[in-house]
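Take a look at the fold shown below.

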Amino acid sequence: MTAVCPHCGTPSARVHGHSWRHPRDLPWSDIAVQVELKVRRLRCANPGCAARTFSEACADFPRHAQRSARLQERQVALGFSVGAEAGSVLLDRFHMSASPDTLLRTMKRQPLPQHPTPRVLGVDDWAIRKGVRYGTILVDLERHQVVDVIKERSADALRDWLSVYPGIEIITRDRASDYSRAGTRAAPRALQLADRWHLLCNLSGVVQEWLLRERQHWMTVVAQVKAQLHLPNPEASPSSPPATMPISQKKRREQYREVLLLDQQGLPSRQVARQTGVKYATVRWWLKGGEGGPDRRGPLTVEHRDYVEKRWHQGGHSAAGVHRELLSLGYTGSIDPIRWMWYHLDLEQGLQERSVPARPRARRKDVNLTALTRLLTTPRDDLTDADRRPAVCAGLCEHSPLVSQGYALIQQFRQLFVQVKEENGPHLRAWLETAGAATILEIRQLAASVQRDLGAISAAVTLSWSNAQTEGQVTKLKLVKRRHYGRASFELLRRSVLLA
């Protein structure tokens, strides 16, 4: 019986000698199995071959391997399923023992699968380290399978990948500009499709921005509607003081009085902080502020607002700098109202070259944002009778033409993404014309955002494809990432996702 030389491919039947190997194989019942394998060593028949002798190959027992191919296959499958540490424990119970390091080395040597070029590609990002580093996952939506995992979330990384796999017809993505640019450059003929779920999330965010900016108007309208419907109105007017002081505010004032009392006794500030449980910086701030204490912050008056707007028109770029200037003019409040004004002045002018500051969080709960957002984004026929929500929605539209206009535009936009059909394309363009001339600032901003990505959004309202499957694959990737946490490199994570 002949064997083929692995170096030159010449068959040979000249036996030079024999050697013994003792690889492990799958267990028999509860008994570990070790095979005694007699291997022939043959002379190469090719005089020009660099290897004068070679060992006979065996398909079930690879060269220099201490385990059979089928044993290694089961060990690797278990390692990809539960991780190296847990896999080592389970393998001991199944009489197929392997150390965690051995499992990791074997898993990293596994070849990556070769996938055909997908026709419909889903693209999404995932967190390697949340808030610090992000990667990109690519999914074949027709075959329901992950195609590749990229270590970066950038336009260049996705562009390089797309250039290797030409022929993609549809790309579904979120509204990230990096993915849009990469698809336009590397696959100009592919149809890009924005995800409908992200667009509905954008709609909810726009509604919340509107509610926060016009909260005084909303408080008035909501109070009128509840009075007409004889519903309780727990929100107190901003001009009237609360009937009872919150517990946290009472505790804060008691701590403030205790700090002043200990300071009058001559105790150092650090000792006062230790006895009262108040931070040292807060103690110093209270003692420096005199009798004002926690209540010394004042509102942003009309004169202060005029000054902020004047500095904005003069080209100022720092809300913190304007806050310092206002402090010298007698302002005693925080920087948050100034940031609010700065944020909306930038949005109204549509400045793209300036970095729009992050929207500060609302501290006062004058308006129930969650309830009103749900009320405005849910069709009136789908509202339940709890708290007479259909009547409240109708009353809000009747008492305020602004609310009526905003509600109609919000419902029209939402309806485009709930019922996907070919007629939605002309309806979307008609909505853009109406929303572009709307009175509400946030609706105009949403229309401008949709106009910039009109091709992908038009495809989203007319085609049934979406990025939902890609989001599910991201959830699966998170599970795999946590399973190998602490020991895994990116290459191992990539193989675990593609081979699991």
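Five strands form an open sheet in the order 10-9-8-11-12, and their pairing is mixed. Strand 10 and strand 12 are the edge strands, each pairing on one side only. On average, neighbouring strands of this sheet are turned by 25 degrees against each other, direction ignored. This is a predicted model.

In general, the strands of a sheet pair through backbone hydrogen bonds, either parallel or antiparallel. The table shows antiparallel pairs from the structure, with one facing pair of residues for each.

| Strand pair | Sense | Bridges | Facing residues |
|---|---|---|---|
| Strand 8 (residues 120–129) and strand 9 | antiparallel | eight | G122 and V139 |
| Strand 9 and strand 10 (residues 145–150) | antiparallel | five | D140 and Q145 |
| Strand 6 (residues 37–43) and strand 7 | antiparallel | three | R41 and S55 |

Is strand 9 enclosed or open to the outside? Six of the eight residues of strand 9 (residues 133–140) are buried, so this strand is largely enclosed by the rest of the structure.

Two hairpins involve strand 9. In the hairpin of strand 8 and strand 9, three residues lie between the strands, and G131 takes a positive phi near 80 degrees. In the hairpin of strand 9 and strand 10, four residues lie between the strands. There, H144 takes a positive phi near 55 degrees.

Helix 4 (residues 155–164) lies across strand 8, strand 9, strand 10 and strand 11 (170–173). Helix 4 runs at about 130 degrees to strand 10.

Another open sheet has three strands in the order 3-6-7, with antiparallel pairing. Which strands stand at its edges? They are strand 3 (15–21) and strand 7 (53–55). Each has a single partner strand, so one side of each is left without a neighbour in the sheet. Neighbouring strands here are turned by 25 degrees against each other on average, direction ignored.

## The nonpolar cores

In soluble globular proteins, nonpolar side chains tend to be buried together. Here, the largest nonpolar core has 40 residues. W218, L376, L396, W431 and I443 have the most contacts inside this core. Several helices each supply at least two of its residues, including helix 6 (196–213), helix 7 (215–229), helix 14 (369–377) and helix 15 (389–399). Helix 17 (424–436), helix 18 (441–452) and helix 19 (454–462) are also among them. Which helix gives the most to this core? Helix 16 does, with seven residues.

Leaving aside neighbours within four places in sequence, W431 is in contact with L409, Q412, F413, L446 and A447.

Start with Q192, found in strand 12 (residues 191–194). Is Q192 buried or exposed? Its relative accessible area is 11%. The limit for buried is under 20%, so Q192 counts as buried.

Q192 also makes polar contacts. Its side chain reaches the backbone oxygen of S180 at 3.3 Å. A polar contact of 3.2 Å joins the side chains of Q192 and T184. Beyond four places in sequence, the contacts of Q192 include I171, R173, Y179, G455, A456 and A459.

Now take A84, in helix 2 (residues 84–93). With 7% relative accessibility, A84 counts as buried. What does A84 touch beyond four places in sequence? Its contacts are G79, P100, L103, L104 and H484. L104 is 20 residues away from A84 along the chain, yet their C-alpha atoms are separated by 6.2 Å.

The mean pLDDT of the protein chain is 83. A pLDDT of 70 or more is reached by 88% of the residues. Over residues 235–245, the pLDDT is below 50. Beyond near neighbours in sequence, that stretch has nine contacts in the model. Residues 352–364 also stay under 50. For this second stretch, the model has 27 contacts beyond four places in sequence. Where pLDDT is low, the predicted coordinates should not be read in detail.

Definitions and conventions:
Residues are numbered from 1 along each chain as its sequence is written. Side-chain values use heavy atoms; hydrogens and water are left out. A nonpolar core is a set of buried Ala, Val, Leu, Ile, Met, Phe, Trp, Tyr and Cys residues joined through side-chain atoms within 4.5 Å. Buried means under 20% relative accessible area, exposed over 50%, partly exposed in between (1.4 Å probe, protein chains only). Contact means heavy atoms within 4.5 Å. pLDDT is the predictor's confidence in each residue, from 0 to 100. Two strands pair if DSSP finds at least two bridges between them. Axes are lines fitted to C-alpha atoms, for helices over the stretch in contact, and angles run from 0 to 180 degrees between N-to-C directions. A polar contact is a pair of N or O atoms within 3.5 Å; within protein, one must be able to donate a hydrogen and the other to accept it, and residues adjacent in sequence count only if both atoms are side-chain atoms.
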